[in-house]
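The following exercises are to be worked through with the sequence and the structure at hand. Each task is followed by a solution in steps.

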Amino acid sequence: MSAAAQLVRQIRSTNLVFWRNPASAFFTFVFPLMFLVIFTTLFGNAETEIPGIEGTISTSTFYVASMATFAVISACYTNIGISIVFSREAGILKRTRGTPLPAWIYLSGRVAHATFVAFLLVVITVAFGALVYEAEIPTGATLFRFVVTMLVGAASFSALALALTAAIPNGDAAPPIVNASILPLLFLSDVFIPLGPDPAAWVDVVGKVFPVRHFTLSMQAAFLGTPFEWTDVLIVAAWGVGGLVLAARFFTWEPRR
Amino acid sequence: MTERVIEIRGLRKSYGDVEAVRGIDLHVDRGEVFALLGPNGAGKTTATEILEGYRSRTAGEVFVLGHDPAKRSTELKRRVGIVLQSTGVDPFLTVRETVELYAGYYPDPRDVDDVIDLVGLGEKRRSRVNKLSGGQHRRLDVAIALAGDPELLFLDEPTTGFDPSARRNAWEIVRNLAGIGKTVWLTTHFMDEAQYLAGRVAVITKGEIVAEGPPDSLAGRDRMQARIRFRVGADAPEPPSMGQRLGPDGVFEIDADDPARPLHELTGWSLEHGVSLDGLRVDRPTLEDVYLELTGGEEGTE
């Protein structure tokens with residue numbers, strides 16, 4: 001069987017497992033929508049200032065972009081980080097390692113499936129935002145840049161999650177470690193709370209160093225009409241490459257218990 | 001013409017200051033069922049996982065089907081099936097989907113349904129894996145290992161935690177494998193399992209091989225003296241002197257190279273005096289006796 005055929009097979013098998021656990025699948029999809037509704041309800045009717053454009057925009061539009069960001073991060077970073085550790089501790093990774101299936105195909109299958117889920121999530125979130133909050137759906141060159149941004153983000157956050165699993169000692173520790181590594185950034189990086197034109201200096205530094213704010217700025221460009229910078233996408237990609245290098249060096253296939 | 005499927009020379013493995021495997025030499029030929037027998041922590045799993053390619057070795061030479069397993073070559077993995085001591089599968093797939101998934105990793109897999117029938121999970125083929133009992137899980141492990149039609153099968157403590165009937169079933173499966181010409185490397189700490197399944201046994205303790213051979217003659221057990229045991233009622237006369245000892249539990253024991261003569265004498269005396277010989281037994285040392293002797297009856301630490 002060719003590598004491509006094997007990869008497709010892995011994605012399908014991962015997909016089958018994903019939908020066979022409806023409770024998990026359901027909440028993966030509901031989570032970003034729930035946050036979208038909560039944030040827009042709390043801050044929804046306000047207008048917010050966004051650096052880079054004149055005047056203000058509706059907060060609800062801002063949150064459609066934010067939840068698209070959040071959807072990609074939760075499907076690729078949070079889900080991969082936690083589910084790979086679970087598979088490792090259950091011995092599934094070790095068993096797979098004893099078969100002729102190349103390691104990269106197994107992991108690529110998981111990452112490609114997470115990207116597929118992220119894509120579905122973004123489509124659902126954006127469709128919901130368009131229907132309920134009158135967000136605009138990107139078209140043309142904006143749509144193209146949006147898709148590239150999304151794919152780069154999905155790949156990079158997946159790679160970072162794979163690297164992070166090496167630092168997670170057991171299954172119980174996976175959810176707290178994964179969440180603790182991403183939630184603060186979601187708050188400090190213009191995703192959950194608009195930073196406005198004048199954030200605190202250290203918050204600004206955090207945003208510039210870590211990939212989340214660069215990622216969400218690129219996502220905002222698709223929805224809010226803010227300027228799009230390829231530099232942001234490149235910084236996200238650089239983090240992804242760093243994650244891949246660390247994962248290649250430290251990723252483990254055997255349970256640690 | 002025999003073919004070496006596994007060849008181990010001077011294998012050592014240290015973890016820090018601890019030497020888990022201290023220089024072992026072993027070989028397994030094609031078609032053999034070989035059992036590595038030893039207490040927990042003796043180094044069985046370490047040695048096995050080196051052969052499977054999961055662990056590196058500190059010193060020595062290892063060849064599995066002519067390959068160095070440390071190189072983890074795809075070519076070798078295609079010809080080997082592995083049942084690890086504890087591994088999982090995705091709980092939401094069915095038995096058939098699981099076996100099919102793994103079969104697809106091999107260039108020339110066996111028929112999925114045949115494999116499932118072979119391990120006796122035919123009625124469970126549509127069940128989700130998370131609905132299986134512990135014994136059925138283990139059989140699924142064996143089915144997965146067989147899916148690729150391997151020449152060589154590693155079974156690391158395949159029946160630990162089984163109830164007696166599940167063990168019997170598992171044994172039949174392994175016997176069937178031997179019947180279709182597979183080479184099997186088995187680890188166990190059950191004497192009866194080694195005795196029943198293996199054509200050749202090596203006993204490992206504290207990282208060293210202390211005995212090796214067919215289970216029936218391991219450590220010269222077939223040449224050891226037979227032991228006659230019996231007891232008599234409290235009011236019975238003293239048996240004739242044949243070198244017997246009287247144990248504290250009231251059981252007489254006689255050791256003899258050839259038990260025919262003392263037995264003849266004993267039964268004659270019994271008939272003559274109308275004394276019944278309760279619990280009369282004649283045994284060679286069991287594999288377990290030999291094993292306990294060899295391993296000092298000690299459980300290692302791991």
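**Exercise 1. Determine what share of the contacts in chain B with a separation of 6 or more joins residues 24 or more positions apart, and describe chain B as a whole.**

Step 1. Two residues are in contact if their C-beta atoms, placed from the backbone, lie within 7 Å. In chain B, 68% of the contacts with a separation of 6 or more are between residues 24 or more positions apart.

Step 2. The model is predicted: local features need pLDDT of at least 70, side-chain atom pairs count only at pLDDT 80 or more, and totals for chains, interfaces and linings use all residues. Residues are numbered from 1 along each chain as its sequence is written, while chains are lettered from A and ligands numbered from 1 in the order in which they are written.

Step 3. Chain B holds nine helices and 13 strands; helices (H or I, at least four residues) and strands (E, at least two) are DSSP runs, numbered from the N terminus. Along the principal axes, the C-alpha atoms of chain B fill a box of roughly 75 × 45 × 40 Å.

Step 4. Chain B is divided into domain 1 (4-218) and domain 2 (225-283), with bounds that come from an automatic or database domain assignment. The C-alpha centres of these two domains of chain B are 45 Å apart.

**Exercise 2. State the strand order of the open sheet of six strands in chain B, and identify its edge strands.**

Step 1. Two strands pair if DSSP finds at least two bridges between them. The order is β5-β6-β7-β3-β8-β9 (chain B), and the pairing is mixed.

Step 2. β5 (80-83) and β9 (208-213) of chain B are the edge strands, as each pairs on one side only.

Step 3. On average, neighbouring strands of this sheet are turned by 15° against each other, direction ignored. For such angles, axes are lines fitted to C-alpha atoms, for helices over the stretch in contact, and angles run from 0 to 180 degrees between N-to-C directions.

Step 4. Within the sheet, β3 (residues 33-37) and β7 (residues 183-188) of chain B pair in the parallel sense over five bridges. Val33(B) has Val184(B) in β7(B) as its bridge partner.

Step 5. Helix α5(B) packs on the sheet and touches β5 and β6 (152-156) of chain B; the direction of α5(B) makes about 165° with that of β5(B).

**Exercise 3. Is Arg139(B) buried or exposed, and which residues does Arg139(B) touch?**

Step 1. Arg139(B) is found in helix α5 (residues 134-147) of chain B.

Step 2. A residue is buried if 20 or more other C-beta atoms lie within 10 Å of its own, exposed if 12 or fewer, and partly exposed in between; C-beta atoms are placed from the backbone. Arg139(B) counts as buried because it has 25 C-beta neighbours inside 10 Å.

Step 3. Not counting residues up to four places away in sequence, Arg139(B) touches Val119(B), Gly120(B) and Leu121(B).

Step 4. For the chain, 38% of the 302 residues of chain B count as buried. In helix α1 (residues 44-52) of chain B, nine of nine residues are buried, including Lys44(B) and Glu49(B). Gly53(B), which follows α1(B), has a positive phi near 95°.

**Exercise 4. Describe how strand β1 of chain B pairs with β2(B) and β4(B).**

Step 1. β1 (residues 4-15) and β2 (residues 18-29) of chain B pair in the antiparallel sense over nine bridges. Here Ile6(B) stands opposite Val28(B).

Step 2. The hairpin of β1(B) and β2(B) has two residues between the strands, and Gly16(B) takes a positive phi near 60° there.

Step 3. β1(B) also pairs with β4 (residues 59-64) of chain B in the antiparallel sense, over five bridges. Ile8(B) stands opposite Val62(B) in β4(B).

**Exercise 5. Describe the packing of helices α2 and α5 of chain A.**

Step 1. Two packed helices are described by the angle between their axes and the distance between the axes.

Step 2. The axes of α2 (residues 22-43) and α5 (residues 103-133) of chain A come within 10 Å and cross at roughly 30°.

Step 3. Among the residues that make the contact are Phe29(A) and Leu33(A) of α2(A), and Leu121(A) and Phe128(A) of α5(A).
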